[in-house]
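Please look through the sequence and the structure below before reading on. The briefing that follows begins with a single residue and its surroundings, and then turns to other places and to the protein as a whole.

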Amino acid sequence: MSKIKQRFRILISYKGLKYYGWQRQTNLPTIQGTMEAALKKIFQKDIPVIGAGRTDTGAHALGQTAHFDLSVLPKFCLQKALNSFLLPKDICVRQVWKAPSHFHALHSAIGKHYMYFILNRPFLCVFRRGQIYWHPYQMDINLLQKISQTISGRHDFKSFQNAGTSVKSTIRTITSAHWKREKKQVWIFEIQGKGFLKQMIRNIVGTQLALLKEKEPLKKWNDIFHSKDRKTASTTAPALGLYLYKVSYPPELDKECQKFYAGPACADLV
């Protein structure tokens with residue numbers, strides 16, 4: 001008879017520059033693969049880790065959520081143990097919960113919040129290379145806000161779908177999309193929704209930045225949006241500026257998750 005398993009929910013932050021995205025790949029470093037390797041060192045067996053979503057190669061996370069099952073309840077701080085085996089130190093488990101068996105990091109999620117960071121000044125920052133997109137050209141916050149206002153709602157985002165990716169539907173619901181400035185030189189594009197197409201956010205950002213050079217950017221944007229043709233949009237913005245900020249779950253499900261051997265809060269490494 002198989003042992004009853006306990007599901008664990010974890011909150012992770014990571015720098016994705018050295019990794020080929022979330023999903024495990026043969027002979028390539030990934031976040032999922034690194035997490036599973038750490039669990040194997042602790043428990044001496046393969047333990048699959050399921051993430052809330054796949055982040056792109058080189059993209060980062062401030063609040064990725066994942067889950068895994070254990071047949072034995074650890075009598076030690078699982079957060080501390082995992083972090084001690086996550087090398088190099090660019091992945092951090094920020095929190096661990098005991099979760100009900102019906103919690104699923106991917107399927108239970110009701111929303112995702114992404115942020116895209118841009119450094120807008122004539123010279124780059126050597127200390128944040130790989131963690132922010134350097135864009136030295138003039139930006140117009142009012143124009144970018146007007147463009148972003150058209151994104152919220154339920155729309156067909158086929159124009160911003162990654163080329164060659166096959167999905168059943170390119171229609172997605174976006175609950176919020178806007179720009180803001182931080183410390184004058186840092187611009188942030190924030191977008192929230194139930195789900196996104198592969199590279200959709202980076203394609204939207206890249207297209208918006210390109211349109212700043214156009215004579216009629218709003219008209220051009222609307223033409224691109226309604227064309228449902230990826231070829232009409234512009235270059236994909238680099239992954240290094242993209243962060244998965246937060247994954248949301250139903251409040252009642254959050255309440256069913258109990259902190260497990262809570263250790264000191266792990267500072268974000270990004």
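In this predicted model, Asn83 counts as buried because its relative accessibility is 18%, which falls under the 20% cut-off for that class. Asn83 belongs to helix α2, which covers residues 78-85, and when residues up to four places away in sequence are set aside, Asn83 touches Lys89, Ile91, Cys92 and Val93.

- As a general point, an α-helix has 3.6 residues a turn, so residues three or four places apart point the same way.

**Two buried residues towards the end of the chain**

- Tyr243, which is found in strand β10, is buried with a relative accessible area of 3%.
- The side chain of Tyr243 reaches the backbone oxygen of Gln131 at 2.4 Å.
- Although Tyr243 and Gly58 are 185 residues apart along the chain, their C-alpha atoms are separated by 9.9 Å.
- Cys257 lies in the loop between α6 (251-256) and β11 (258-259), and with a relative accessible area of 9% this residue is also buried.
- Leaving aside neighbours within four places in sequence, Cys257 is in contact with Arg9, Trp97, Lys98, Ala99, Pro100 and Phe103.
- Cys257 and Arg24 are 233 residues apart in sequence, and from C-alpha to C-alpha they are 26 Å apart in space.

**Two loop residues with positive phi**

- In general, most residues other than glycine have a negative phi.
- Asn27, a residue other than glycine, has a positive phi near 65 degrees, and its place is in the loop between β1 (6-14) and α1 (31-43).
- Asn27 counts as exposed because its relative accessibility is 76%, which is over the 50% that this class requires.
- Lys228 is not a glycine either, yet its phi is positive at about 55 degrees, and this residue is found in the loop between α5 (217-227) and β10 (242-248).
- At 40% relative accessibility, Lys228 counts as partly exposed, since that value lies between the 20% and 50% limits.

**The protein as a whole**

- The protein contains six helices and eleven strands.
- Its radius of gyration is 20 Å, close to the 18 Å that the globule rule gives for 270 residues, and therefore the protein is as compact as a globular protein of that length.
- Taken along the principal axes, the C-alpha atoms fill a box of roughly 70 × 40 × 35 Å.
- Of the 270 residues, 51% count as buried.
- Among the contacts with a separation of 6 or more, 73% are accounted for by residues 24 or more positions apart.

**Surface and charge**

- The protein exposes about 14300 Å², and carbon and sulfur atoms supply 53% of this area.
- There are 42 positive and 17 negative side chains in the protein, and the centres of these two sets lie 5 Å apart.

Methods
Residues are numbered from 1 along each chain as its sequence is written. This is a predicted model: local features need pLDDT of at least 70, side-chain atom pairs count only at pLDDT 80 or more; totals for chains, interfaces and linings use all residues. Side-chain values use heavy atoms; hydrogens and water are left out. Helices (H or I, at least four residues) and strands (E, at least two) are DSSP runs, numbered from the N terminus. The radius of gyration is taken over C-alpha atoms; the globule rule is 2.2 Å times the number of residues to the power 0.38. Buried means under 20% relative accessible area, exposed over 50%, partly exposed in between (1.4 Å probe, protein chains only). Contact means heavy atoms within 4.5 Å. Accessible areas come from the Shrake-Rupley method with a 1.4 Å probe; for residues, only the protein chains shown count as cover. Lys and Arg count as positive and Asp and Glu as negative; His and the chain ends are not counted. The place of a charge is taken as NZ of Lys, CZ of Arg, CG of Asp or CD of Glu. A polar contact is a pair of N or O atoms within 3.5 Å; within protein, one must be able to donate a hydrogen and the other to accept it, and residues adjacent in sequence count only if both atoms are side-chain atoms.
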